[in-house]
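Q: I am new to this model. Could you walk me through how to read its features?

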Amino acid sequence: GYCIHRRGARHIAADQGAVIQYSKFYSRRFWRLYPTYVAALLCTAFIDYWVRAETGLRPGQDNSLYAFLISLVALQGYFAPCFVSNGVFWTLAMEIHLYLAYPLLFLISRKYGPNRVILVTLLAGLSYFTVDAVWDIEGAIGYRQNETPVILPFWFAWATGFYLAEIEADRVSDLSDFTWVILMVAGFAAGFSLHISGYTTLSNIPWALFFAGVLRLSFKNNGERMWSLVPGRALAFVGIFSYSLYAIHVPVFEALGVLLEPITNESKFVSIWPAICVGLLSLPIGYLFYRSVEYWSVRSKD
């Protein structure tokens with residue numbers, strides 16, 4: 001939410017009548033996401049085939065053309081499971097849906113202010129949880145995986161990043177450091193309590209307060225508290241290719257897992273050390289994938 005709205009917040013701050021240039025916005029989003037997404041899906045399909053040939057196991061859920069097409073239009077969870085074994089892409093589908101909803105938040109913020117955005121998204125999320133508790137909406141979604149494919153429970157979390165961009169653009173007053181710390185502590189306590197109580201999706205709302213505080217405080221003093229230090233620089237470097245790492249790490253784990261150690265039917269390592277080795281090896285492989293695919297797709301639109 002912060003990254004996507006940072007440009008828009010500055011436009012509104014400079015011109016109260018600012019509008020979204022839809023063709024440019026969605027063109028940038030398409031080239032940012034889809035070449036890497038499609039390449040990762042195809043790589044995963046190939047590696048799944050190889051894993052099945054080597055081990056006899058059947059990784060993944062659905063390798064049909066129908067599931068592939070459903071994943072391309074970001075409707076996995078509604079009409080089909082995630083294509084092949086790269087199940088993390090349910091979150092990418094969620095992100096695409098949030099991009100489609102972004103113009104509404106932009107309009108609300110421009111006309112009524114950033115505080116109204118936070119209120120609308122919070123009420124939308126809480127209303128969804130209430131309706132689901134009464135009518136079991138989640139139970140009617142046949143292909144949901146780890147979480148619901150509906151964006152409403154995650155909208156507030158996305159909007160907290162949106163709100164941070166508005167603070168940075170001086171469209172809304174910042175909170176004091178003390179207030180941010182209080183929100184972080186309360187968000188962590190509530191999020192952790194809800195999570196261990198089984199309310200995983202609902203816990204996203206208080207968790208959002210915690211992570212918004214972490215992000216906001218990391219920006220203080222031009223980022224000297226975090227981003228100019230060695231750990232922060234290392235994280236920032238990984239952040240450059242983090243989308244490629246996210247997109248490719250599941251098939252990397254599968255392929256290297258077969259090479260390093262036999263895996264069980266649950267695709268879990270027997271011991272922790274191969275998992276650690278694969279986790280470390282996935283970093284350079286993710287970077288190579290970034291240089292091979294993502295870098296060129298993003299560069300082509302600069």
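**Burial, bridges and helices**

A: Start with Glu-138, which counts as buried because its relative accessibility is 11%. Buried means under 20% relative accessible area, exposed over 50%, partly exposed in between (1.4 Å probe, protein chains only). This is a predicted model: local features need pLDDT of at least 70, side-chain atom pairs count only at pLDDT 80 or more, while totals for chains, interfaces and linings use all residues. Residues are numbered from 1 along each chain as its sequence is written, and side-chain values use heavy atoms, leaving out hydrogens and water.

Q: Which residue forms a salt bridge with Glu-138?

A: A salt bridge is a side-chain nitrogen of Lys or Arg within 4 Å of a carboxyl oxygen of Asp or Glu. Here the partner of Glu-138 is Arg-144, with the closest N and O atoms 3.4 Å apart. Arg-144 is partly exposed, at a relative accessible area of 32%.

Q: How many salt bridges does the rule count?

A: The count comes to 7. One of them joins Glu-168 to Arg-6, with 2.7 Å between the closest N and O atoms. Glu-168 sits in helix 6 and Arg-6 in helix 1 (residues 2-14), so the pair ties together parts 162 residues apart in sequence. Helices (H or I, at least four residues) are DSSP runs, numbered from the N terminus.

Q: What links Asp-174, Asp-177, Arg-216 and Lys-220?

A: A network of salt bridges links these four. Within that group, Lys-220 and Asp-174 meet at 3.6 Å, N to O. Lys-220 lies in the loop between helix 8 and helix 9 (230-240), and Asp-174 in the loop between helix 6 and helix 7, so the pair ties together parts 46 residues apart in sequence.

Q: Is helix 8 mostly covered or mostly open?

A: Mostly covered: 11 of its 15 residues are buried. Among them are Trp-207, Phe-210 and Arg-216. The cover includes helix 5 (114-135), helix 6 (152-168) and helix 7 (177-196).

Q: What should helix 8 span?

A: The expected span of a helix is 1.5 Å times one less than its number of residues. For helix 8 (residues 204-218) that gives 21 Å, and its end C-alpha atoms are 21 Å apart, which agrees.

Q: Which residues does Tyr-34 touch?

A: Contact means heavy atoms within 4.5 Å. Not counting residues up to four places away in sequence, Tyr-34 touches Leu-72, Val-73 and Ile-96. Tyr-34 is in helix 2 (residues 22-55). At 17% relative accessibility, Tyr-34 counts as buried.

Note on methods: Helix = DSSP H or I, 4+ residues; strand = E, 2+ residues; numbered from the N terminus.
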